[in-house]
Amino acid sequence: MSLILGIESSCDETAAAVVEDGFTVRSSVIASQIATHAPHGGVVPELAAREHLKALTPVVTAALEQAGTSLKELDAVAVTQGPGLIPALLVGLNFAKGLAAANNLPLIGVNHFMAHICGAFLDGGAEQLRSPETYPLLALVVSGGHTSLVLIRSDGEASQLGCTIDDAAGEALDKGAKLLGLPYPGGPSIQKAAVSGDPEKYDFPRPLTGAAGKALSRENLYNFSFSGIKTALLYHMKGSAGSDDPQFIADTAACYQRAVVDCLVRKTLRAARDTGARTIVVAGGVACNAELRRLMAEKCPRNVALRIAKPVFCTDNAAMVGGIAWHSFRRKEFSPLNADSFARLPRFVRVPFI
Ligand code: KG4
Ligand code: ZN
């Protein structure tokens with residue numbers, strides 16, 4: 001049995017988790033910085049870094065305690081290396097390096113984007129991840145920083161079929177919420193406001209889906225675009241006298257959310273059909289969204305398995321970090337103590353968890 005401590009600090013959550021053998025989450029502790037960033041309407045990297053510094057020791061201590069373990073019993077320390085905000089990443093990375101060096105433990109640097117995909121298999125997904133029947137697997141990674149479709153084969157070979165050409169879906173929801181006067185973070189706020197709204201009341205565009213009758217260029221077949229929906233929302237708000245009316249806000253939120261979700265679902269299903277995917281995985285913060293979960297389940301063809309990450313493993317957490325690191329641990333693939341953080345997703349040809 002191996003125990004890995006995962007640490008995550010790529011954006012605005014400070015998180016630590018203890019994961020047993022890659023899939024069993026023994027503890028997962030998350031300190032959110034929402035209160036710090038809310039007055040600014042978005043994440044301020046320097047403030048995030050300072051908050052991480054304050055929160056790391058208590059969060060790691062709580063994760064070890066809740067798992068009923070101690071540093072001595074750990075087999076490795078895993079940490080998010082990137083992509084993310086450099087000041088925020090550096091705090092977690094350096095903390096993890098110190099912990100690994102002081103306790104003579106191997107350090108495993110983790111790719112946050114890949115960890116989101118692997119996180120969909122935590123707590124009960126080991127067999128599905130291992131089974132050849134699962135592949136080809138199409139993953140939709142949809143968060144505040146990413147909106148990507150990744151095709152993964154049974155040997156771990158992977159390619160990015162498409163991604164957003166402007167805003168990420170979560171970013172579009174966050175910015176949309178600002179226009180609607182709803183609090184940060186916008187995704188959950190829009191979901192909440194949309195509950196009492198009519199999602200068919202107003203028309204918002206579905207960019208790059210072919211819905212407007214325009215044929216899609218080959219290069220954009222699996223790409224996403226959300227800036228046009230956001231601009232449509234801006235004009236919709238400007239053109240409406242009753243923009244303070246709660247029903248107007250609810251209806252607008254419902255239609256805006258439906259437009260974003262509809263684009264995600266249509267493009268994912270199109271890619272699944274074209275590639276013969278046998279499993280669709282949906283992961284990342286926006287995968288929490290109830291409308292996305294519902295519509296994806298409703299539209300997913302019967303012969304395709306749908307695996308949506310559990311809500312607690314959708315938004316940033318460290319269980320996915322401890323989980324994905326186990327696959328490197330088994331292969332004795334460790335990171336050097338001078339490993340650096342990285343801001344952007346590097347080009348990749350494989351995933352490390354198969
Ligand atoms: O994965 P995540 O925690 O951080 C990144 O790696 O970006 O994702 C955060 C994003 C934010 O844009 C947030 O608004 C969105 O996920 N989000 C949601 C919901 N919960 C979080 N979007 C829609 N509905 C939700 N329930
Ligand atoms: Zn994330």
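Colleague: Which residue stands opposite Ala158 in E8?
Modeller: Ile152 stands opposite Ala158 of strand E8. Please bear in mind that this is a predicted model.
Colleague: How many bridges join E7 to E8, and do the strands run parallel or antiparallel?
Modeller: Strand E7, residues 147–152, is joined to E8 by five bridges, and the two run antiparallel.
Colleague: In what order do the strands of that open sheet come?
Modeller: The order is E8-E7-E6-E9-E10, five strands in an open sheet with mixed pairing. At its edges are strand E8 (158–163) and strand E10 (305–308), each of which pairs on one side only.
Colleague: By how many degrees are neighbouring strands turned against each other?
Modeller: On average by 20 degrees, with direction ignored.
Colleague: Which strands does helix H10 lie across?
Modeller: Helix H10, residues 290–299, lies across strand E6 (137–142), strand E9 (279–283) and E10. Relative to E10, helix H10 runs at about 170 degrees.
Colleague: Turning to another region, why is strand E5 largely enclosed by the rest of the structure?
Modeller: Strand E5 spans residues 107–111, and four of these five residues are buried, so the rest of the structure largely encloses the strand.
Colleague: What joins E4 to E5?
Modeller: Five bridges link strand E4 (residues 76–82) with E5, and these strands run parallel. Within E5, Ile108 has Ala78 opposite.
Colleague: Through which helix does the chain cross from E4 to E5?
Modeller: The chain passes through helix H3, residues 86–102, and this β-α-β crossover is right-handed.

Technical notes: Residues numbered from 1 in each chain as written. Chains lettered and ligands numbered in written order. Predicted model: local features only at pLDDT ≥ 70, side-chain atom pairs only at ≥ 80, totals over all residues. Heavy atoms only, no water. Buried < 20%, exposed > 50% of the residue type's maximum accessible area, 1.4 Å probe, protein only. Helix = DSSP H or I, 4+ residues; strand = E, 2+ residues; numbered from the N terminus. Pairing = 2+ DSSP bridges. Right-handed = clockwise from strand over helix to strand, strands pointing away. Axes fitted to C-alpha atoms, helices over the stretch in contact; angles between N-to-C directions. Contact = heavy atoms within 4.5 Å.
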